[in-house]
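Q: I would like to learn how to read the features of a protein model, one after another. Could we go through them together with the structure in view?

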Amino acid sequence: MIDRAGPILAASTDGPWLTRLATVMKMQGWTFCACRRAEELPTLIAARSIGIVLVDWEALGRARAASFIRRLRSQSSGFALILTGAKNDFGAGNVALALAGGIDDFIVKTISDRELVAKLKTHIRRLGVGQSHSLISHGGNIQLDLLHARASIKLRGKWKELKPL
């Protein structure tokens, strides 16, 4: 079946942070994928139906953060884009610039796991996950996922995702 939330994708050069995120996502039963370089994000977003993107301030590189965020947003607006970083990364107007550039939220890495999950659930709710965004044929063998613009067909008891034309 189609993962209605879409995977949660993270880009960070901070190995312990990625490990922590993977653990939290697994505990929630959410699909999670990670990369170490922000440059990989456009390709990963294009290849999958992403629900939330967590991008680390360090992985972005301070000098090019605003232009990179705009580029990600121009690719698609169907996901929540959340900036992560150390507490001192978010000073001197960086948050205001990031929000103006297209970031939906920011998370300081010292956040508790409970608050992290609550924030992510809020973004999932805003994406409309849990609401009916699927159309299923009368016989139940065809499903259209309107949220992610995908279609699946059930053949011999197994769901197969149809590729776009």
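Q: Which residues of helix α4 (residues 65-75) are buried?
A: This is a predicted model, in which local features need pLDDT of at least 70 and side-chain atom pairs count only at pLDDT 80 or more, while totals for chains, interfaces and linings use all residues. Residues are numbered from 1 along each chain as its sequence is written, and side-chain values use heavy atoms, with hydrogens and water left out. Buried means under 20% relative accessible area, with a 1.4 Å probe and protein chains only; helices are DSSP runs of H or I with at least four residues, strands are runs of E with at least two, and both are numbered from the N terminus. In α4 the buried residues are A65, F68, I69, L72 and R73.

Q: Which residues touch the most other members of the largest nonpolar core?
A: In soluble globular proteins, nonpolar side chains tend to be buried together. A nonpolar core is a set of buried Ala, Val, Leu, Ile, Met, Phe, Trp, Tyr and Cys residues joined through side-chain atoms within 4.5 Å. The largest one here has 24 residues, of which L41, I45, V53, V55, L60, L81 and L83 touch the most other members. Its largest share, four residues, comes from α4. Leaving aside neighbours within four places in sequence, I45 is in contact with L9, I50, V53, L72, Q75 and F79.

Q: In what order do the strands of the open sheet lie?
A: Strands of a sheet pair through backbone hydrogen bonds, either parallel or antiparallel, and two strands count as paired if DSSP finds at least two bridges between them. This open sheet of five strands has the order β2-β1-β3-β4-β5, with parallel pairing. Its edge strands, β2 and β5 (105-108), each pair on one side only. Five bridges join β3 to β4, and D56 has T84 in β4 as its bridge partner.

Q: How many disulfides are there?
A: A disulfide is a covalent bond between the sulfur atoms of two cysteines, counted here when the two sulfur atoms are within 2.5 Å. By this rule there are zero disulfides. For C33, the nearest cysteine sulfur, that of C35, is 8.2 Å away. C33 is buried, with a relative accessible area of 16%, and C35 is also buried, at 4%.

Notes. Buried means under 20% relative accessible area, exposed over 50%, partly exposed in between (1.4 Å probe, protein chains only). Contact means heavy atoms within 4.5 Å.
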